[in-house]
Amino acid sequence: MVAAGIDIGSTGTKAVLFDGEIRASIVVPTGWDPKAAGLEAFRQALDCAGIAEGDVHSIVGTGYGRVSLPIFDRKVTEITCHARGAHFLHPETRSVIDIGGQDSKVISVDEHGRVAEFAMNDKCAAGTGRFLQVMAGVLDVSLEQLGQLAVGATPARISSMCAVFAESEVIGLLARGADKGSIAAGIFHSIAGRIQGLAGKVTLSHRVTFSGGVALNRELCSAIGASLGVDMCVPHAPQMVGALGAAIMGFEA
Amino acid sequence: MREICASFDEIAGLRERNAIALKVAKDRGRKVVGTYCLFSPVELIVAAGAIPVSLCGTSATPIPAAEKVLPRSLCPLIKSSYGFALTDTCPFFHFSDLLLAETTCDGKKKMYELLGRMKPLHLMQLPQVQDEAALEYWVLELKRLTRRLEQAFDVQITPEKLAAAVLLLNEERRSLKALQDLLKRKPAPISGMDLLTVLHNRGFTVDKREAIGLIDRLTAELAGLSDNGFSPFTSRTPRILLTGVPVGIGSEKVVRLVEELGGSVVCFESCGAYKKVDPVLPGKDLLRSIAEKYLRVPCSCMSPNTGRLQLLEKLVQEFQADGVIDLTWQGCHTYNVESFTVKRHLQETVQVPFLQIETDYSESDTEQLKVRIEAFLEVIGTRRGGRP
């Protein structure tokens with residue numbers, strides 16, 4: 001019995017094959033064609049594990065593109081999938097913070113990995129991967145470099161959470177000669193503040209797992225952990241948690 | 001629904017037909033009073049021989065026009081209501097001789113000052129607490145409205161006319177309650193979208209007796225269909241109670257999404273629906289009884305607003321709701337803040353899953369709303385022991 005979980009997000013498309021253990025784990029860029037990206041990630045995962053498509057007994061789709069693939073046996077929202085995936089990786093998890101390309105979520109999870117409640121950002125890029133991308137663009141660095149820049153720097157004050165206004169603020173800071181490191185640290189603090197506001201809406205435990213592609217950025221993880229006053233547990237491949245949860249649900253169905 | 005239920009079809013066409021009926025009535029000398037809120041004591045309008053029509057804006061269409069004057073961040077209901085007036089695109093506003101408004105929330109209150117420049121407007125000062133002193137004051141406000149209507153339309157509101165109006169409107173409330181109570185059946189015999197369509201279009205009727213008859217026929221037809229096992233849902237369909245701000249056709253986005261994603265909206269605890277069915281309990285002093293009825297409307301502009309918590313608790317049980325969605329329009333501070341109290345109260349009492357949604361009349365956040373609503377339905381599904 002092998003199940004596939006395919007998470008078609010706004011930025012990356014992830015595929016996981018699961019048979020009680022993770023057999024393959026693949027990320028491809030979503031690009032403009034979520035359908036093709038989903039099929040490509042699935043094909044690469046099959047190749048990687050050396051499993052034939054016919055041997056996959058269940059395919060569960062999640063993420064924004066979950067509506068786009070006819071091969072899905074079932075579609076589940078990423079909120080439920082992230083909860084299940086985080087619970088599998090860290091069974092003691094009671095809260096999940098998931099920051100993806102276009103939204104962020106704080107999910108409260110019970111001892112079985114089921115969603116108890118959740119909060120999601122409003123229609124706005126504040127506190128999302130997109131916000132980080134815009135800011136990295138202004139500083140003309142990659143997302144990884146943004147994290148490295150922030151190490152040990154004193155955060156500059158960036159009061160706006162709106163991607164557009166914060167961009168003007170950062171441009172203003174650069175014009176006044178502020179150094180990139182403190183701006184990068186300031187950007188992380190701004191996102192942390194936004195997530196803190198979101199986390200106030202659900203019961204947040206001390207056992208928090210941070211999932212989603214943005215969690216690859218260690219500096220941001222520590223900034224958010226510090227602002228929430230919790231130790232953040234970051235999985236080895238945080239961007240795969242949703243696809244993993246989807247695969248687990250397919251496996252258990 | 002249209003194919004199998006004749007009365008539903010008839011009601012679905014009411015809004016258009018009634019714009020014409022209203023013009024005919026106007027030509028015959030009838031007066032029309034436009035209202036914006038459940039706090040408007042419609043009994044007085046009816047007793048004055050005038051036709052009450054609801055002007056509460058539920059469409060996004062006139063919002064860009066309204067935003068030339070009103071702040072963008074204001075509640076879409078206020079912008080829509082004002083936009084219809086500004087663009088003169090609502091026949092019911094066009095035919096209104098007098099506008100009746102109340103000091104409910106700050107946004108509406110200040111918008112009414114602007115509306116008053118376009119048409120004669122009577123503003124009632126609504127107390128925001130529900131105690132004896134407030135009632136005394138509210139009775140005086142009803143008397144002031146009585147004088148305004150009598151002078152404006154050159155009529156006398158006699159005790160007999162008032163008593164007849166109370167009877168008629170209580171009858172309307174009885175009929176609306178019976179229709180909505182049908183959805184206590186499991187599964188509900190009609191979708192939330194269809195119920196909303198009926199409640200919305202019914203608001204534009206010129207002849208209340210005719211509308212009551214029509215609603216009663218619909219209720220009977222639906223009861224018959226349900227007895228024969230007809231329902232758009234199954235007994236496993238998650239049953240959602242929608243609370244919070246008023247919704248209508250044009251602002252039905254959340255209702256539509258809940259049902260597209262596999263839920264069934266079984267109850268609307270909002271002012272166009274279940275909040276409306278509370279009757280006048282006639283006592284010795286009829287005007288006072290009317291004042292009591294309107295003052296106890298559990299709207300978030302009241303502080304405290306414990307009536308809403310009690311009503312919700314009761315409705316969750318009666319309608320066997322599996323989850324509560326609290327809908328807040330962007331910029332509606334009172335409902336938005338009160339959501340915290342509602343959530344906590346429901347968690348401590350009936351313990352149903354709760355989701356607050358803040359949105360507006362636009363379609364721009366549809367994808368994000370889908371994720372939230374679908375995840376909420378998944379939470380309900382797992383709680384009932386379904387697949388996680």
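Helices, taken as H or I runs of at least four residues, and strands, taken as E runs of at least two, are DSSP runs numbered from the N terminus. With that in hand, let me begin in chain B, where B:Asp88 sits in the loop between helix H5 (76–87) and helix H6 (91–94), and where the phi of this residue is near 50°, a positive value in a residue other than glycine.

Before going on, the conventions: this is a predicted model, in which local features need pLDDT of at least 70 and side-chain atom pairs count only at pLDDT 80 or more, while totals for chains, interfaces and linings use all residues. Residues are numbered from 1 along each chain as its sequence is written, chains are lettered from A and ligands numbered from 1 in the order in which they are written, and side-chain values use heavy atoms, with hydrogens and water left out.

Another cis peptide bond joins B:Ser303 and B:Pro304, with omega about -5°, and B:Pro304 is placed in the loop between H13 and helix H14 (306–318) of chain B.

H13 also brings me to helix packing. In chain B, helix H8 (residues 132–153) and helix H13 (residues 286–295) pack at an angle of about 115° with their axes 9 Å apart, where axes are lines fitted to C-alpha atoms, for helices over the stretch in contact, and angles run from 0 to 180 degrees between N-to-C directions. The residues making this contact (heavy atoms within 4.5 Å) include B:Trp138 and B:Leu142 of H8(B), together with B:Ile290 and B:Tyr294 of H13(B).

Turning to chain A, an automatic or database domain assignment, which is where the domain bounds come from, divides the chain into domain 1 (1–90 + 239–253) and domain 2 (92–234). The C-alpha centres of these two domains of chain A lie 25 Å apart, and their contact takes 14 residues from domain 1 and 24 residues from domain 2. The area buried between them is about 1,600 Å², of which carbon and sulfur atoms give 63%; buried area here is the accessible area (1.4 Å probe) that two parts lose on being put together, summed over both. The count between the two domains is 1 salt bridge, a term that requires a side-chain nitrogen of Lys or Arg within 4 Å of a carboxyl oxygen of Asp or Glu.

Finally, how do the chains meet? Here 21 residues of chain B are in contact with 24 residues of chain A, and the two chains bury about 1,900 Å² between them, 51% of it on carbon and sulfur atoms. The count between chain B and chain A is 2 salt bridges, and B:Glu374 forms a salt bridge with A:Arg66, the closest N and O atoms being 2.6 Å apart.
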